[in-house]
Amino acid sequence: MRLPYKGVCFISRNRKGQIWYLDVFIALSIITLTGFFYMQHIDTVESPRYDHIEKAQTISGLLMSPGYPLDWDISTVTVPGVVHDYRVNMAKLADLYSMSHLQLAVLFQTDHNIYIYLEQDGSNIIADDKSHAGRLPNNPSDVAHIRRILLFEEKPAIMHVVVWS
Amino acid sequence: MIVPKNKKGWFFTIDALIFATIIFTAIFLYTYEPPRVLHTVNHQYLADDLLGIMSKQVVSDLPNDIFEKYEYNITDVEFRVIEQLGQWWANDDVQLVHDFFLEYTDGLIPEQNGYAALVNGDIIFSSTSPQPRQVSSGKRIVTGVQKLKPIKGVVANARATRITKNSTMLVAMQPQGTGWGTGWSSMTKTFSIPSNITITNAEMVVSVHTDLHVDSRQFTVNGCSLTIPAADYLYGTDGDVGMIDITHCLQSGDNVWTMLLRNTNYNAHSHPGSYIRIDYTREEIIEQEILTKDVHKRFHFDRVESIYDGSSATGVWTTVPFFIPPDADNVGVDIYVKAENVKDYTTSSCSMWYHIPSFIYCQWFWDGASWQLARNFDYQMFLNQGTAHHIDPTPSSTAEYYYGTGDVGHLLIDGTNTLTVYFNTYGDFAWNDQTMWISDESYIDLTYTIPIDTQPFGHVEISQAQEFGGPPEDDKTTSFAFPAQANYISDAQIYLIQRYSYWIDVWAGQTNPPSELVYTSPASRAVPGEIFVSRDHLATQSTVTNFIRVRDQNAGNEILGESQILYTFSIPSQVGFGEVFAEEEDAVADAINRLQDRMGVFIDATQIETNVNAITNVPSLWGPAIIEVRVWQ
């Protein structure tokens, strides 16, 4: 079918200027609006909620300390720090790994999920046969992840602290 | 528009297809949520933690694979990792520090982050990707390292143990006098010149008051007869000043300087300005000095002899200055005055006594026109006062007088003290009738204690003489500055040259004209041959000018430009430990160079002792350097 002459031609033959047709205008408007809203949406989803970030920072800071009491164990702990002079205390790490999720939530005073593990040369550091503390993230909607660098057996290692919900 | 001819169902137009695609794409994208993983808050932690572990870990605890690889490059296994990095950077081992840092941090920084390490702004390692959008930085200070400065090495100090110094000494013949008429006035000064010196120049300056006969001014030094041609005297008058080179006459040890003067029209005497200036170089062995708080100095009188020729009158007088530092404590003085052939005239030979008004005068001398009067004093002693402290109208032929601190201590002053004694002199009119003299056994013993911290230690003392310069003036100012190397100064001495003198005032200070009066004659004609200026009135700094102003209160009594100021200072004969050098010979050479720079033109060190110390692990030695780790996304 042959389209009407005026439907395919953007330039009127009997006019010297350029003209726009309604459907072209609508299409461009839709594309522009879609792009705009998408970009806004992307900015929103890449930043976890601030309380997740703040909690992850707090927990990582506590973990990088010797904790309290300084010689705490599972029965006396009030602040579960596991690091002294940037070096991991394996006994304290084992105690940390043995804590239930509820204990962690109480000690770190959060209702978010916590996941803590140490990594060296691509492998998790094992303490008393345990490789982590807390819950592994499972289809999270918000995640804050902080890495801290420390020494394990006099070799640099990484502590991962994940707060998620 | 596309319309299937045999169907009644739905249809698409190309416009509708495009529209629908856009709508569905938008709905999909809006509803899709990528995983919410946080990266940005890691930056600061990663930078700080990386610096933290490097600050805590000792090199000997490094993982075996890293330690073995860098074992031969490690400076000290007790260093922290961050100190070792700083040391390699200081040694400019750029590749080494890059490789180590890369290996040490392998796997610690997520791939989506970049990072870099810097020392004092020098990039020692940097990731090439990603491009930085957000950057965090952590810093640590490392003391004891500085680029191209070894932190292990040697330092050296140096001490001159044998030196040759250029210095100057002046020996003054004090203003003094004797006989009247045809009798001769003989003055003898004995002085010592240190051993091991080489005299580069010596000059005798005389300021005398005699008649103009060619034989009335006779001088010797060590028997070396010195005649100053009449044409070489400055004025050609009875009071005159002359100079002559005496380099060839002097010797190490005791030297004897005599002046034989006569004034047939008046009385013969010396004026301020009779001195010998000796420029010399001297070799000294510098030994460890034992500081003493107690100072004992003895000032001997010159032998002053008035020679009787059968018709002349005789009598002797002399002036002796001595110096007490302002910071001296427990000052004690013993004065011994001895003269021979003194005559008791005023008591035994007086023909008639007058009481005018409070003194007793004797009428006993007919000068051809009238009877002259004299006080009843055959001996007078003045100390810093215009009135006599002690008189003796009946002296023994061998007259001896002792004065202790209890007698004259209250008359002593800080600075220049002036002692004057007269035997058988009564103004200008009356004299003895036999040869007599003041013995050079006479002395002033001075004792005092001085704070130890004002005593130089490990220093070489240098004296430099400087002429006042300029034309003769009765109010004259000169200036001088100590050299930059001087770090301890002694009191300065002024040696005035005057054809005639009456009453001298001296000011010192750092303004022109100087404002601090440091000396004034205690009486008319009491002008010593040397006047001391305490170092309290002088500035040590080479950038500060010291001004000295001298004025004779009798206008016309000019002070000659050849007058001297002798200032003494000390230059350290040692330098402390300097920079750290990798090689011992470099440290020693540096110490010797620093010592020679400090000694300047005044001292030539002919023997130098050096000490070398190994230096390591001194945190304050260099630096500090700032080590920085940057992490970015």
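These legends describe close-up views of a predicted model.

**View 1. Chain A at a glance.**
Chain A holds five helices and seven strands. From the N terminus on, its elements run α-α-α-β-β-α-α-β-β-β-β-β. The chain has 165 residues, and buried residues make up 42% of them. Take the contacts in chain A with a separation of 6 or more: 53% of them come from residues 24 or more positions apart.

**View 2. Helix 3 of chain A and its cover.**
Helix 3 of chain A takes in residues 50–63. At 1.5 Å a residue, its 14 residues should span 20 Å, and the end C-alpha atoms are 20 Å apart, so the two values agree. Which residues of this helix are buried? They are A:H52, A:I53, A:K55, A:A56, A:I59, A:S60 and A:L63. Their arc around the axis is only 165°, which puts them on the same side of helix 3 of chain A. An α-helix has 3.6 residues a turn, so residues three or four places apart point the same way. The cover over the buried residues of helix 3 of chain A includes strand 1 (83–84), helix 4 (90–98) and strand 3 (113–120) of chain A. Strand 6 (143–152) and strand 7 (155–164) of chain A also belong to this cover, together with helix 2 of chain B.

**View 3. The open sheet 2-1-36-3 of chain B.**
Four strands of chain B form this open sheet, with antiparallel pairing. Strand 2 (122–126) and strand 3 (135–142) of chain B stand at the edges. Each has a single partner strand, so one side of each is left without a neighbour in the sheet. Direction ignored, neighbouring strands of this sheet are turned by 20° against each other on average. Strand 1 (residues 114–119) and strand 2 of chain B run antiparallel and are joined by four bridges. Look for B:V119: its bridge partner in strand 2 of chain B is B:D122. Helix 2 (residues 42–56) of chain B lies across strand 1, strand 3 and strand 36 (625–632) of chain B. Helix 2 of chain B runs at about 20° to strand 3 of chain B.

**View 4. The largest nonpolar core.**
This core has 78 residues. Which of them touch the most other members? They are A:L96, B:L50, B:I53, B:M54, B:F100, B:F101 and B:Y104. Now pick out B:Y104 and set aside residues up to four places away in sequence. B:Y104 then touches A:L151 and A:P156, as well as B:I53, B:M54, B:Q57, B:L62, B:I66 and B:V81. Another core, of 60 residues, lies apart from the largest one; among its residues are B:V171, B:F299, B:F322 and B:F423.

**View 5. Helix 4 of chain B.**
Helix 4 (residues 81–90) of chain B is mostly covered. Nine of its ten residues are buried. These are B:V81, B:I82, B:Q84, B:L85, B:G86, B:Q87, B:W88, B:W89 and B:A90. Just after the helix, B:D92 takes a positive phi of about 65°.

B:S463 is found in strand 25 (residues 459–467) of chain B. Is B:S463 buried or exposed? Its relative accessible area is 10%, under the 20% cut-off, so B:S463 counts as buried. Leave aside its neighbours within four places in sequence, and B:S463 is in contact with B:S167, B:T168, B:L566, B:Y567 and B:T568.

**View 6. The open sheet 26-32-29-30 of chain B.**
This open sheet has four strands, with antiparallel pairing. Strand 26 (475–480) and strand 30 (516–520) of chain B stand at the edges. Each has a single partner strand, so one side of each is left without a neighbour in the sheet. From one strand to the next, the twist averages 20°. Strand 29 (residues 504–509) and strand 30 of chain B run antiparallel, joined by four bridges. Where does B:V506 find its bridge partner? The partner is B:Y519, in strand 30 of chain B.

Helix 7 of chain B takes in residues 584–599. Its buried residues are B:A587, B:V588, B:A591, B:L595 and B:M599. They cover an arc of only 105° around the axis, which puts them on the same side of helix 7 of chain B. The face turned away from this buried side carries the exposed residues B:E585 and B:D597. Just after helix 7 of chain B, B:G600 takes a positive phi of about 60°.

How values were computed: Residues numbered from 1 in each chain as written. Chains lettered and ligands numbered in written order. Predicted model: local features only at pLDDT ≥ 70, side-chain atom pairs only at ≥ 80, totals over all residues. Heavy atoms only, no water. Pairing = 2+ DSSP bridges. Helix = DSSP H or I, 4+ residues; strand = E, 2+ residues; numbered from the N terminus. Axes fitted to C-alpha atoms, helices over the stretch in contact; angles between N-to-C directions. Buried < 20%, exposed > 50% of the residue type's maximum accessible area, 1.4 Å probe, protein only. Contact = heavy atoms within 4.5 Å. Core = buried A, V, L, I, M, F, W, Y, C linked by side-chain atoms within 4.5 Å. Expected span 1.5 Å × (residues − 1). Arc of directions from axis to C-beta.
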